[in-house]
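Please guide me through the reading of the structure shown here.

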Amino acid sequence: QRPPRPERHPLQPARSADTDFFWDGAARGELRIRRCTGCGALRHPPGPLCPRCRSTGADHVTASGAGTVYSHVVHHHPPVPGRTAPFVVAVVELPEGVRVTGNVVGADPGEVYVGMPVRLEFERVDDGLVLPQWRPGPGGRRPARPRPLPRTSITAQALATRDFQSVHHDPGAARAQGAADVFMNILTTQGLVQRYATDWAGPAARVRRIAIRLGAPNHAGDALLLTGTAERTGGAAEVAVRGANSLGAHVTGTVTVEEEG
Ligand code: ZN
C-alpha cells in the first residue's frame, strides 16, 4: 500500500537545473539572485548564460529583502486555482539591481502603488513549495495626497467633452478673465463626481441622478481630492461627494445610484 500523496497546490513552478537554486533558497527563506562568476553581474530571471559576458559560470547572492513596487496589476479574472481574486501581481525592484515578480499581500489591492516600499516574506504553499511574497514595508502606506493636474489634462478633458471655450485651453485667455491658469470644465468635474460614486458602488450600479454645485475653480497645477460618504436606502444609495483643492471646495454634489435588475 502506497502512502497518501501530500496535498499539492494546483499551481507549481516549472523547475529546471537553472532554477532549482532559486526554489531551494525559497524553501530556506532566502530570495536568491543568480550571479555570473565571470563578470559578477546579477540576473533575474535566471538563465543559463550571462547576458553581459556570455559566461555559463554562476553562483548566487541572497537578496536583502527590501524592495519597491516597480509595476503591478490587480488580477480579477479568470479564476486562478488556489488563489482568491482580486490579488496583486507586482514587479518588485530590488536594491541589488534586479526586478522580480511576486504577489503583494497584506494590502488592499487599491492601496498598492508604483513606488510603494515592500518587504520580502515567504509563504509556505504546500510541502514542497515556498513562494517569495511581498508586504507593504515601513512607511508603505500612500499618503492621501492628490497629484497636481497638468495643464494638458485640463485641456484634453475639456476637448474630450466637446467644450471648446478658450479658458480651458488658452492660459492667456484664462488670465484675461482673472483666472490663474486654464481650469477644469464643468462636464469633467461632473464626470469625476459620477465616477467617484460608481467606483464605490461597483459595476452593477446605474446612475439615476446627479446634482453638483461648483465652488472654487480647479486650475492647472492644482490638485483635486475627492472624498465622500454613502447612505443606502433599499436598493439605492445616495453618495455625497466633495472635491477640494488648494482654494477650498471645488465641487459638492450627490449621486443617486441603483443596483441594476
Ligand atoms: Zn557575466
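The dialogue below takes up a metal site, a sheet, a helix and some backbone features in turn.

Q: On what conventions does the reading rest?
A: This is a predicted model, in which local features need pLDDT of at least 70 and side-chain atom pairs count only at pLDDT 80 or more, while totals for chains, interfaces and linings use all residues. Residues are numbered from 1 along each chain as its sequence is written, and side-chain values use heavy atoms, with hydrogens and water left out.

Q: Which residues coordinate the zinc ion, and what is the arrangement of its donor atoms?
A: Ideal angles at a metal are 109.5 degrees for four tetrahedral donors. Donors are N, O and S atoms within 2.8 Å of the metal (3.2 Å for Na, K and Ca), and because water is not among the atoms, sites may look incomplete. Here the SG atoms of Cys36, Cys39, Cys50 and Cys53 coordinate the zinc ion at 2.3 Å. The 4 donor atoms subtend angles of 100 to 115°, so the arrangement is tetrahedral; for four donors that label requires all angles to lie between 85 and 135 degrees. Along the chain, the donors follow the spacing C-x2-C-x10-C-x2-C.

Q: Is Cys50 buried or exposed, and what of Cys53?
A: Buried means under 20% relative accessible area, exposed over 50%, and partly exposed in between (1.4 Å probe, protein chains only). Cys50 counts as buried because its relative accessibility is 1%, whereas Cys53, at 34%, is partly exposed.

Q: In what order do the strands of the open sheet stand?
A: Strands (E, at least two residues) and helices (H or I, at least four) are DSSP runs, numbered from the N terminus; two strands pair if DSSP finds at least two bridges between them. In this model 3 strands form an open sheet in the order S2-S1-S3, with antiparallel pairing. Strand S2 (42–43) and S3 stand at the edges with a single partner strand each, so one side of each is left without a neighbour in the sheet. S1 and S2 are joined by 2 bridges, and Arg34 has Arg43 in S2 as its bridge partner. Helix H1 packs on the sheet, touching S1 and S3, and its direction makes about 145° with that of S1. Such angles run from 0 to 180 degrees between N-to-C directions, the axes being lines fitted to C-alpha atoms, for helices over the stretch in contact.

Q: Which residues of H1 are buried, and what covers them?
A: The buried residues of H1 (residues 20–27) are Phe21, Phe22, Trp23, Gly25 and Ala26. Their cover includes strands S1 (32–36), S3 (58–62), S7 (117–124) and S8 (130–136), where contact means heavy atoms within 4.5 Å.

Q: How is an aromatic pair read?
A: A pair of aromatic rings is described by the distance of the centres and the angle of the planes. The structure holds 1 aromatic pair. Phe22 and Trp23 form it edge-to-face, at 5.0 Å centre to centre and 85° between the planes. Rings of Phe, Tyr and Trp (its six-membered ring) pair if their centres lie within 6.5 Å; planes under 30 degrees apart count as stacked, over 60 as edge-to-face and the rest as tilted.

Q: Which peptide bonds are cis, and where is phi positive?
A: Most residues other than glycine have a negative phi, and most peptide bonds are trans. The bond from His77 to Pro78 is cis, with omega near 0°, as is that from Ala85 to Pro86, with omega near -5°. Arg54 has a positive phi of about 65°, and Arg162 has one near 55°.

Technical notes: Tetrahedral: all angles 85-135°; square planar, octahedral: opposite > 155°, others 65-115°.
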